[in-house]
Amino acid sequence: MSVLARSVGNAFRNKVRTAAVVAVLAVAIGLALAMLVANQAVGAKVQELNASVGTVLTVNPAGGQGFEGGGEPLTANQAATAAAVPNVSAVVGTSSLRLRNATEAAAQTAAGGQGGPGGQGGPGGQGGPGGQAAATLTTSLTAAVDAGTLGNRNQASGTTGTTQPVRSLPITATGVGAEVDTAGKALNITEGTGLGDYSAESTNALLGTTLAAKNNLAIGSTFTINDQTYTVAGLFDAGTTFGNNAAYLTLPTAQALAGVPGELSSMIVTVDSLENVDTAKTALQAALGTDAADVTQGQNLETAVSSLGSVKNISFIAFIAALGTAGLIILLIMVMLVRERRREIGVLKAIGAPNRTIGLQFVLEALVLAALGSAAGAIIASFASGGIASALISTNTTSTTTAATTGRGAAMAGAAGGAGMPGGGAGFPGGQGGPFGGASQLLTSVTASASPGVIAGGIAAVFGVAIIGALVPALLTARIRPIEVLRGE
Amino acid sequence: MIEVKNLVRTFNSGDRTIKPVNDVSFELAQGTLASIVGKSGSGKSTLLSLLGALDKPTSGDVVVNGVSLAKMPDRKLTEYRRRDIGFVFQQFNLIPNLSAVDNVMLPMEFAGLRRAARLQRARELLEQVQLDPEKHGRRINRLSGGEQQRVAIARALANEPKLILADEPTGNLDEQTGDHIIELLSSLRREHNTTILVVTHDRALANKTDRRFRLQQGKLTEEPVRAKAVAGAPA
């Protein structure tokens, strides 16, 4: 009988005890593996976020006053200047338009509602710092967000008894130079294709899924902006209700519609690596001038990533703690087994067993227990890791989610305040359902999947702990003289 | 040749110092069957432990074929026990969850013998000690005391040791089985020129050995024995 066979046999000497030990180990190892899986999933998500939008800077005209607009529009020359800044890998200009349903606009004009109180993009809503005044155009589209969903505030009769006209949210249309959203994040096109031709003659448009559904539009359907016809080339999903109440056109088309060729509402600047973001931001601000442009980074993303980082740290600490617990269980079990079998160790030594053979026998016995515990723990982890990751994320991102929700609420209020006052800034990403505004969705979209590599890594760690836990008591006992053990019994 | 030189082993028990082995010296030629008799607690088992390198003496030395055990590091002592010594314990000290044949194979496994070779030798040894072949694969705790003692002797012979140290080998056996065990040890001595030192209370057994020692209060004295008590004893 080999030492391995002997160890396996020893592991099952007392079947009831072995079952109990394996059950306790399975819980500890399962928890450790679940934490490791959650840690890896969150880590991957942070990397993904950093890779997708973490290297993006937004340039807006300087001097903006929120909903009052203001500041000199950005130009193509400034875009060229930005592109020449070291470490800048891409510059995408955007031109923002505000679309209002033609029928509603006509009804409000007839009712004298234009220019009422509450300008476009109230504080914290559509308008961000430095937002350029967006051109307001009419469209055949109806906004995907109904006025009634905003608390019916615009539908209620006032104390004066004046009936307010029906109002709905404006639709944000953005002209882009590449298929990215206003934050530089690649659009998630769910149907159809991209815009393709970026010339001024292009009549292709991308619509948010809810906007298309509201207007019964599909790929190939048409709609109008200022009586010009555009074809739905693709549908995208921004992940938020407000983000999907939007349309994308080519930059030259948007500029032509707004009547401001060559002018940009904002620029999306991509830096070549996360490490160079701060340097590039400083250089970009210097190149463009503080009096001409504001260079910003997505603060909500930083918060989101920071929050995910906390989850990552907590899950790692919990993994270490659970691993330590599993190790302690193995150590205590092996201490108990070694003490119980001191006489056997003495006999083995008396008949010539070297210390390493005795140590190996107990290590293999511990590994058998650890293997059984790991197998059961892996099953537990495969079921529990998703739930544990979600619980950790929802617990640790409450403040971020609350902040994001508040931001969206302000955006709603501002946007619903009326469309009459010109000058509402529309350039700041995150106002209306941009990716930063949907921080909670970003966070909760972390998927914890028990990959074989991660599980194998975790089990290897458990085995490492098991080896130490078994070797220490076995070698301590094996080092004493055989007669001390035999006489002591 | 085993030379025991001024061997002393002391233990502290509270304020008292006990000397179960007190300045013991003797020599045993290779192939001798010797016995040590004495009362319980006289130090017989302690002396056996010192000869078998299970314990270290307080002073003095055991020299086996010119090699001093006192100066040997632990690793070498383990090797000495594995290669040169065969123990037969009073309580058998077999591994209870292993079969008879697995117990006999253990010392050979530690000596690095291949599995097939050690399995064959283990079966031969078990046949030699007259254990029913049907019981070779039986777990130790399902064997009788006599059967376990035979397995213990077979295990002691596994690596063909030069010295067999047997502590009360017939103590737990009936007279007939005890006689058989003595015959077995004698035949081993004859066939393999093995030195055998037996600790016993059994005067009949002691009378069958070539040399007989008595241990009393830690002091060893040799007693005369009848010549040619055991067939095949060296002249």
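User: Which strand does β4(B) pair with in the antiparallel sense over 2 bridges?
Analyst: In this predicted model, β4(B) pairs in the antiparallel sense with strand β5 (residues 67-68) of chain B, and 2 bridges connect them.

User: And what sits opposite V64(B)?
Analyst: V64(B) stands opposite V67(B), which belongs to β5(B).

User: How many residues lie between β4(B) and β5(B)?
Analyst: There are 2 residues between them in what is a hairpin, and N65(B) in the turn has a positive phi of about 50°.

User: What about β1(B) and β4(B), do they run parallel or antiparallel?
Analyst: β1(B) and β4(B) run antiparallel, joined by 5 bridges, and within that pairing V4(B) stands opposite V62(B) of β4(B).

User: Are D55(B) and R9(B) buried or exposed?
Analyst: Both D55(B) and R9(B) are buried.

User: OK, now D84(B). Which residue does D84(B) meet in a salt bridge at 3.1 Å, N to O?
Analyst: The side chain of D84(B) meets that of K162(B) in a salt bridge with an N to O distance of 3.1 Å. This pair links distant parts of the chain, 78 residues apart, with D84(B) in helix α2 (residues 74-84) of chain B and K162(B) in the loop between α5 (145-157) and β7 (163-167) of chain B. D84(B) also forms a salt bridge with R83(B), where the closest N and O atoms are 3.1 Å apart.

User: How accessible are D84(B), K162(B) and R83(B)?
Analyst: D84(B) is buried, with a relative accessible area of 7%, whereas K162(B) is partly exposed at 37% and R83(B) is partly exposed at 45%.

User: Which residues do salt bridges that share partners join into one network?
Analyst: In chain A, R13(A), R341(A), E344(A) and E365(A) are joined into one network by salt bridges that share partners.

How values were computed. Residues are numbered from 1 along each chain as its sequence is written. Chains are lettered from A and ligands numbered from 1 in the order in which they are written. This is a predicted model: local features need pLDDT of at least 70, side-chain atom pairs count only at pLDDT 80 or more; totals for chains, interfaces and linings use all residues. Side-chain values use heavy atoms; hydrogens and water are left out. Buried means under 20% relative accessible area, exposed over 50%, partly exposed in between (1.4 Å probe, protein chains only). A salt bridge is a side-chain nitrogen of Lys or Arg within 4 Å of a carboxyl oxygen of Asp or Glu. Helices (H or I, at least four residues) and strands (E, at least two) are DSSP runs, numbered from the N terminus. Two strands pair if DSSP finds at least two bridges between them.
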